[in-house]
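Please open the model in a viewer and follow the selections below in order.

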Amino acid sequence: MATDGPPGLLHSAPCTGRTRARGISSRLPQVGRVGSYCTTTSFTARLRPVGGTRAHPPLGLCTFVLFLRAWHPRMEVSPEQRGEGPVLVRRQRPAPPGLRERLKARLRQSCVCSVQGARALVHDLLPATHWLCRYRLREDLPGDVMSGLVIGIILVPQAIAYSLLAGLQPIYSLYTSFFANLIYFLLGTSRHVSVGIFSLLCLMVGQVVDRELLLAGFDSAQEVRGPRDNSSTLNASAGTLALGMQDCGRDCYAIRVATALTLVVGIYQVLMGILRLGFVSAYLSQPLLDGFAMGASVTILTSQLKHLLGVQVPRHQGLGMVVSTWLSLLRNAGQANLCDVLTSAVCLAVLLAAKELSDRCRHRLKMPLPTELLVIVAATLVSHFGQLHARFGSSVAGVIPTGFMAPRVPDPGLMRRVALDAVPLALVGSAFSISLAEMFARSHGYSVRANQELLALGCCNVLPAFFHCFATSAALAKTLVKTATGCRTQLSSVVSAAVVLLVLLVLAPLFQDLQRSVLACVIVVSLRGALRKVRDVPKLWRFSRADALVWVATAATCVLVSSEAGLLGGLLLSLLILAGRVQRPRAALLARIGGSGFYEDAAEFEDLVPEPGVRVFRFAGPLCYANKDFFLRSLYNLTGLDPGHAVARRKEQGPGAGVSEGDPIEDQGQGPVSNTAALVPMAAGFHTVVIDCAPLLFLDAAGLATLQGLRRDYKALGVALLLACCSPSVRDALRRGNFFGEGQGDVDEGQLFHSVHNAVQAAQAHHREQVPTVSSP
């Protein structure tokens with residue numbers, strides 16, 4: 001047996017004295033045979049017994065033959081039957097069931113009722129019922145109680161402060177925090193995520209509320225008032241009368257808009273979970289989310305400047321909202337309230353200093369300092385006893401009622417008006433929540449279910465929408481605090497809800513003299529982490545300019561246009577960059593690394609040894625309809641030969657024309673390559689093209705047609721086309737597409753090899769056999 005080339009990745013194939021193949025494969029060396037089956041250098045050789053019927057040999061037969069050969073030393077084995085190399089026997093896969101059978105099986109499975117099935121369904125929909133049965137009181141309860149108390153203490157001032165962003169009364173933020181914690185405790189799969197009010201969602205809700213208030217005829221410059229002042233805020237305009245809101249004031253109408261928006265957001269998220277669309281959030285890349293957080297943080301900071309300065313300016317809507325707000329602030333800077341300015345300066349200094357101290361000493365502190373609560377308590381006492389509102393006109397939070405309001409069904413008319421606005425809210429909330437859940441699950445060694453997270457988040461919006469709540473999501477800052485304070489399970493959310501409930505029932509009226517400037521300071525300081533992300537842009541630029549472009553474009557669009565436009569623009573830009581990377585992947589010619597069997601990019605590394613007469617081409621991406629032209633252009637440019645143009649030019653010149661480089665002759669016959677065509681590879685500089693298919697992720701119909709046309713053109717010029725390192729999916733695509741000829745779906749024609757080195761050696765061995773044949777008279 002010839003041993004010129006090492007074995008490829010082998011499959012069993014029938015052997016009747018010689019390997020049945022055409023073209024180059026008929027002259028490639030055989031590696032070995034076992035019994036009536038032989039091994040070749042093919043990947044996908046069809047198993048065919050000597051009798052002629054197609055069948056896969058049982059594994060016991062091959063084992064039995066090997067046993068006989070080892071047991072009977074006198075068994076004669078011809079030199080052609082001796083050989084060493086791996087032997088792969090393709091499994092006979094059962095035929096896949098049809099669509100009707102699959103539907104029947106699923107329907108039958110869903111209709112079967114059992115105790116175990118009901119228990120599994122309950123555990124899937126209510127994960128808390130699963131882990132509560134295994135809850136360890138001694139190990140888990142202390143950490144959950146501590147983290148729940150800390151989060152509850154932080155939630156109270158943040159809830160009151162974030163009501164300014166949403167344009168609602170503080171009581172509604174407390175409602176939102178209470179219900180969101182309880183519902184996620186039952187439905188969530190993450191042990192550490194804190195779900196509640198989120199600054200970005202509050203900003204987006206506030207923008208929709210302000211727009212609807214303007215359309216209804218309310219004054220956008222008017223401050224949010226308590227329930228006692230609702231009668232004075234009613235503006236009996238034509239728009240209000242048309243909407244049928246004669247009995248509802250500004251704050252009443254604002255919460256109706258917010259609840260309608262929240263219900264639509266929750267419905268979208270529940271539908272995404274039911275339809276198993278948890279993967280959609282993966283298309284919101286991390287640079288996009290970071291840029292969106294940065295741009296939205298600048299918008300939030302701009303919206304709070306009027307409270308820091310005590311200036312009455314309207315909340316602008318539409319394009320250029322941030323720029324318009326800054327211009328309004330500059331025009332009205334002379335009307336700033338001195339009391340609010342001094343209060344803001346003191347509170348910002350204290351809060352920022354405490355945050356920096358906590359960051360530097362976070363390894364020594366067992367729990368973070370409740371700085372926000374301490375500042376709010378101190379500022380409330382100073383404002384109450386100093387009568388800052390009455391003496392200096394400082395704006396305060398106003399009356400915060402206790403208890404719960406009667407549930408109310410959101411207005412269907414408002415739901416239709418805000419249906420489009422709910423889309424970015426649902427996407428942003430889902431993306432941030434799933435990303436946080438997966439991040440903390442990986443760091444703590446457990447798993448979460450993205451679709452169940454969508455259901456949990458959707459229920460955190462659907463059910464509370466009937467209880468005067470607005471859109472919620474997971475928040476990074478509070479989640480980090482939960483983890484740092486020893487949170488073990490979502491039972492900590494119940495403790496946080498209990499703290500909020502205590503404030504709702506008893507302590508809420510104590511905050512009515514709290515200055516709005518103090519609440520604005522709490523919001524601004526909470527943006528510190530998001531604003532610091534701008535320092536990551538140079539590092540991101542050095543790593544990936546495309547990701548840095550997405551970051552900058554998203555943030556700039558959020559600031560200069562609007563938050564929704566920034567999210568949409570960043571998403572479109574990310575998809576375009578992803579499509580560009582698929583359409584124009586990296587292509588290179590490979591050369592050998594010294595005397596080894598490994599090959600690398602010759603343009604990137606030095607001292608590589610090119611294979612004489614062989615061009616090894618690597619295409620680092622899928623081969624599909626989007627990049628087939630780029631694939632061909634890259635191959636032609638790197639190899640210096642366009643076989644399609646060369647064949648067409650040769651047809652025009654006629655068969656009698658001479659042979660020159662770039663002007664090859666087409667093979668007119670179906671048999672072996674003619675002597676004239678055999679000279680073409682020498683003129684072109686190579687006789688074989690090997691494609692490294694290791695980075696080839698998948699192959700579609702257009703990509704298959706491209707390879708078929710390329711093989712046909714190269715064959716007409718006497719150039720062999722070999723494929724190496726094909727993945728199973730690519731091999732299956734080649735076999736299903738009859739790449740190796742009609743009726744030969746499992747015969748690989750000797751063109752598939754398990755490594756580039758094997759393909760190169762086989763090509764060189766075939767060329768050495770071909771040269772004497774051509775040179776002989």
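**Helix α29 and onward**

Begin by selecting helix α29 (residues 728-736), where D732 and R735 both lie, three residues apart, about one turn of the helix; helices (H or I, at least four residues) and strands (E, at least two) are DSSP runs, numbered from the N terminus. The model is predicted: local features need pLDDT of at least 70 and side-chain atom pairs pLDDT 80 or more, whereas totals for chains, interfaces and linings use all residues. Residues are numbered from 1 along each chain as its sequence is written, and side-chain values use heavy atoms, with hydrogens and water left out.

D732 forms a salt bridge with R735, the closest N and O atoms being 2.4 Å apart (a side-chain nitrogen of Lys or Arg within 4 Å of a carboxyl oxygen of Asp or Glu). D732 is buried at 13% relative accessible area, and R735 is buried at 16% (buried is under 20%, exposed over 50%, partly exposed in between; 1.4 Å probe, protein chains only).

Next, select R211, E212, R417 and D421, which salt bridges with shared partners join into one network.

Move to R586 and E604, a salt bridge with its closest N and O atoms 3.9 Å apart. R586 lies in the loop between α24 and β6 (587-592) and E604 in the loop between β7 (599-601) and β8 (613-619), so the pair ties together parts 18 residues apart in sequence.

Then select R618 and E600, whose salt bridge has its closest N and O atoms 3.6 Å apart. R618 lies in strand β8 and E600 in strand β7. R618 is partly exposed at 21%, as is E600 at 26%.
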